[in-house]
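Subject: Structure handover

Hello,

Here is the structure for you to look over. My notes on what turned up follow below it.

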Amino acid sequence: MFARDSDIVELDGPPAFDYGEKVISRKNVRNDGTFQGREIGDVLVKKGDVGYVKSIGTFLQQFYIYGIDFVDRGYVVGMKGRELRSLDAPSPGPYDEDDALHFDEEETVR
């Protein structure tokens, strides 16, 4: 048995972001060992890093996972929608409860 992040099933609706959309990270993301070439615990993405949606997949038949191309960092990291904010189409929605200048303080291990 495993614990889910929430009872929400994002897959009941369309993805929050489109291919090529410019997004900003709302959290620091650390390597949990699944990102090859980097040590466990290394920061892969910092809050405020900007990237572009390169792919859209799913996880646990519950969440959309967005492959974000962080061009300045030179790699793609899979992230959940709640970890991102659109810079192309900022609008009220399930992931926009914060002011654009405030980001979640917690880190995500990826």
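**Strands and sheet**

Thr-58 stands opposite Tyr-64, a residue of β5. Before the rest, two remarks on the basis. This is a predicted model, so local features need pLDDT of at least 70 and side-chain atom pairs count only at pLDDT 80 or more, while totals for chains, interfaces and linings use all residues. Residues are numbered from 1 along each chain as its sequence is written, and side-chain values use heavy atoms, with hydrogens and water left out.

Strands here are DSSP runs of E with at least two residues, numbered from the N terminus. Two strands pair if DSSP finds at least two bridges between them.

The open sheet has 5 strands, in the order β6-β5-β4-β1-β7, with antiparallel pairing. β6 (75-80) and β7 (84-86) stand at the edges with a single partner strand each, so one side of each has no neighbour in the sheet. On average, neighbouring strands of this sheet are turned by 45° against each other, direction ignored (axes are lines fitted to C-alpha atoms; angles between N-to-C directions run from 0 to 180 degrees).

Now the pairings. β1 (residues 22-25) and β4 (residues 50-59) run antiparallel and are joined by 3 bridges. Val-23 has Gly-51 in β4 as its bridge partner. Between β4 and β5 there are 7 bridges, again antiparallel. Phe-59 is partnered by Phe-63 in β5. These two strands form a hairpin with 3 residues between them, and Leu-60 in the turn has a positive phi of about 55°.

β5 (residues 63-70) is joined to β6 by 6 bridges, and the two run antiparallel. Gly-67 has Gly-78 in β6 as its bridge partner. Asp-69 stands opposite Val-76, also in β6. The hairpin of β5 and β6 has 4 residues between the strands, and Gly-74 takes a positive phi near 85° there.

How much of β5 is buried? The strand is mostly covered, with 6 of its 8 residues buried. Buried means under 20% relative accessible area, exposed means over 50%, and partly exposed lies in between (1.4 Å probe, protein chains only).

**Charged side chains**

How many salt bridges are there? The count is 2, taking a salt bridge as a side-chain nitrogen of Lys or Arg within 4 Å of a carboxyl oxygen of Asp or Glu.

One is between Arg-38 and Asp-42, with the closest N and O atoms 3.5 Å apart. Arg-38 is partly exposed, at 31% relative accessible area. Asp-42 is partly exposed too, at 26%.

Asp-49 and Arg-73 also meet in a salt bridge, at 2.5 Å from N to O. Asp-49 lies in the loop between β3 (43-45) and β4, and Arg-73 in the loop between β5 and β6, so the pair ties together parts that are 24 residues apart in sequence. Asp-49 is buried at 17%. Arg-73 is partly exposed at 29%.

Arg-26 sits in the loop between β1 and β2. Arg-26 is buried, with a relative accessible area of 0%. Its side chain reaches the backbone oxygen of Arg-82 at 3.3 Å.

Lys-80 lies over the face of Phe-63, at 4.2 Å from the ring centre. The rule for this is NZ of Lys or CZ of Arg within 6 Å of the ring centre and within 35 degrees of the ring normal.

**Aromatic pairs**

The whole structure holds 3 aromatic pairs. Rings of Phe, Tyr and Trp (its six-membered ring) pair if their centres lie within 6.5 Å; planes under 30 degrees apart count as stacked, over 60 as edge-to-face and the rest as tilted.

Phe-17 and Tyr-66 are edge-to-face, 5.1 Å centre to centre with 85° between the planes. Phe-17 is in the segment before β1 and Tyr-66 is in strand β5, 49 residues apart. Both Phe-17 and Tyr-66 are buried.

Phe-35 and Tyr-75 are edge-to-face as well, at 5.0 Å and 65°. Phe-35 lies in the loop between β2 (28-30) and β3 and Tyr-75 in strand β6, so this pair ties together parts that are 40 residues apart in sequence. Phe-35 is buried at 19% relative accessibility. Tyr-75 is buried at 15%.

Finally, Phe-17, Tyr-64 and Tyr-66 form one aromatic cluster.

Best wishes

Definitions and conventions:
Polar contact = N/O pair within 3.5 Å; in protein donor to acceptor, adjacent residues only side chain to side chain.
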